[in-house]
Amino acid sequence: MTSPSLQITGLTHAFGDRTALDQVGFEVRPGRLTGFVGANGAGKTTTMRAIVGVLAPDAGEIAFGGRPMTLEVRRRIGYMPEERGLYPKMKVAEQLVYLARILGVAKDQAQDRADGLLEALGLTDRRDDMLHTLSLGNQQRVQVAAALIHEPDLLILDEPFSGLDPIAMDAMAERLRERADAGVPVLFSSHQLDLVERLCDDLVLIHQGRVVAAGAARALREERAGRRYRVEVGGAPAWRPALAGMTVIDAGAAGTLVDLDETADPQALLAAAQAAGPVAHFSRTLPSLADLFAEVVR
Amino acid sequence: MTTSRTALVRLVAGREIAVKLRDKGFLASTAVFIAVIVLAVAVPALIEGDTPEYTVAADDAARPVAETAATLGAAGVPGLPSADITVGPIEDPAAGAPSDPSVSAVEEALARDVDVALSVDADGTVIITALEDVPGDLEELLAAASSLVTTQAVASAAGLSAEQLADLTAPTPPRVDLLEPKPEQPVPPELVIVIFGFLFYFTVLTFGIAIAQSVVEEKSSRVVEILVAAVPIRWLLAGKVLGNTVMAFAQVLLIVGAGLLGASAMGQGEIVAQVLSVSGWFLAFFVLGFLMLACLWAVAGSLAARVEDLQSTTLYMQLAVMAPFFAAILIRDEGPGRVALSYFPLTAPLMMPARLATGDAAAWEPWVAMGIVAATAVALVAVGARLYAGSVLNTSARTRLGGAWAAGGRA
């Protein structure tokens, strides 16, 4: 059986006069980490709240494995809200067990899972502490545990990496990858573009309530890659070719960046480079996610 | 993996109860309340057993008055206080001649632990001398004794016989015939009403505010988003209200039970019987009255965005609890107003049992009032649930009632 995917079509919502979402549509595929990227107020949180059923959108459809998001389906989502959400004055383990039981996990199993997750997240010694006595980073780990406690079929995480130190970030990334590898569709939003670029299989770029790009991360970058090439010529670090239809953008220790126009032939560039010395590197450059983001929101 | 509604509601209710049971403030206030009730029952019973004791020093002329007062105090004459009065001479028989001529015998007597000294001056006026004040009971007895002695003296001077004298000084009191006697009640029903009224007022207010607080805490910590994603909003509300109602009722039962146990331990069986006979109605109306307002307390919480907003969002709820309390203890005389208030949904939960306690309501009346309160409860629960659903997810700012109502219709 193939794992189901999350399908969003035509999601539209307005807060008063302000349109927050305008025909938002994308897919979160099973087994893949999908990064949800957009500026503040672009509509990421509103979309996620609509998916988990905390907000009733004005229009649009959300389906998981072809089924509408009934309560039964929603209860299989692991959700991490943007501003976090746990009881500050409840003990860590007790809190996880309570949430697990709310989500339909039997008592004994809930206890086992809570212990297991706390151990995996390095919080075993804090299990009987009140949540508010933990550092923010540790509270966030508990929040992750809360989203994973019922072994959800779908993960919706709003800014799971914000406020984490690099080590905690790696641990979190590992957890998400683990779930994705188990066949769970994972959608998470983030402002940290480098991290998203490193981590994500799929991307959804949203700008002013509209999806401006969505699909496999690699394909999106390929699609928007122009005809920019990077050449490294051994022994000639500042090599500057002077060929028709080519513009040198930069030349330095990291090689030479050249933009080719419609008429120019990359092979001519390669030949010229070989003539200048041994070629250590020759490739078409892909735009970074930051470039991509800057381009689509322009 | 399906979880039934009952199981979810019970889970939410269970958390509310567990939180309360671990709340030190709640435990402390319950303990204090129980202690106050037990003391209130025990202390009067302990004090009641003691007849006050006084020592009176009287000179020869005043001696008959002092002795008559002692007789009256010991006899327990209706209308007069009881007291155990010891009469002695003004001069201390143990002491010799006055040690200091500048100190009068009376002053010396008062220095000797005598409560008052009694003497008669030249024109026959009885003089009571004391250091700072004369105990009220004693003064009353001495005044009665003095007039009795005077009457006897005048009567015997007029040559009345002993029987005539007795008729004059101890006339046969009028007999009281009641056509519609009220049952003998060891505790005035007004006191029972005040105690139950205060208990309910206190409990509804603390648990009402607890519900509002628990809601706003979930809002401000955003945990409500996780809960709402997985549990229908109305089930959450039901669990919250159920948990707090159970705890509120348990607390009231505990306090009333402690009071009754205390009373029966002090041998006040009559009080126990009297309170038990009316407490059933008080408790039944309490549960209904609490449920009627519970959802609105949750709304007061969900309209707030932060704990600080509660002050203003719960204001009307506090009034809705305060008004019936003061109405029930202040309006004591049976009349059209009291009858009307005993059917008005907000005041009925206290006023109807109050009218029953004073014996003013017919047997069918509480049933009608209960029906009215129950119907109002159903309506207010529906209104409350809609307002709660419409406001609990609005975490950014205080929600207005109108907005909550409209949003609740969509939720």
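A:Glu94 and B:Arg22 form a salt bridge in this predicted model, with their closest N and O atoms 3.0 Å apart. A salt bridge here is a side-chain nitrogen of Lys or Arg within 4 Å of a carboxyl oxygen of Asp or Glu. Between chain B and chain A the count is two salt bridges. Polar contacts also cross this interface: seven residue pairs are found, both residues at pLDDT 80 or more. Such a contact is a pair of N or O atoms within 3.5 Å; within protein, one atom must be able to donate a hydrogen and the other to accept it, and residues adjacent in sequence count only if both atoms are side-chain atoms.

On chain B, helix 1 (5-21) and helix 8 (223-230) each supply at least two residues of the side that touches chain A. Helix 8 of chain B gives the most, with seven residues. Helices (H or I, at least four residues) and strands (E, at least two) are DSSP runs, numbered from the N terminus. The side of chain B that touches chain A divides into 14 nonpolar, three polar and five charged residues. Ala, Val, Leu, Ile, Met, Phe, Trp, Tyr, Cys and Pro count as nonpolar; Asp, Glu, Lys and Arg count as charged; the others, Gly among them, count as polar.

The contact (heavy atoms within 4.5 Å) takes 22 residues from chain B and 27 residues from chain A. The two chains bury about 2400 Å² between them, 60% of it on carbon and sulfur atoms. Buried area is the accessible area (1.4 Å probe) that two parts lose on being put together, summed over both.

Over all chains, the whole structure holds 28 salt bridges. One of them joins A:Asp202 to A:Arg29, with the closest N and O atoms 2.9 Å apart. A:Asp202 lies in strand 9 (residues 202-207) of chain A, and A:Arg29 in the loop between strand 2 (18-28) and strand 3 (33-37) of chain A, so the pair ties together parts 173 residues apart in sequence.

Chain A also has an open sheet of four strands, in the order 12-13-11-14, with antiparallel pairing. Strands pair if DSSP finds at least two bridges between them. Strand 12 (246-252) and strand 14 (279-284) of chain A stand at the edges, each with a single partner strand, so one side of each lacks a neighbour in the sheet.

Residues are numbered from 1 along each chain as its sequence is written, and chains are lettered from A and ligands numbered from 1 in the order in which they are written. Local features need pLDDT of at least 70, side-chain atom pairs count only at pLDDT 80 or more, and totals for chains, interfaces and linings use all residues, while side-chain values use heavy atoms, with hydrogens and water left out.
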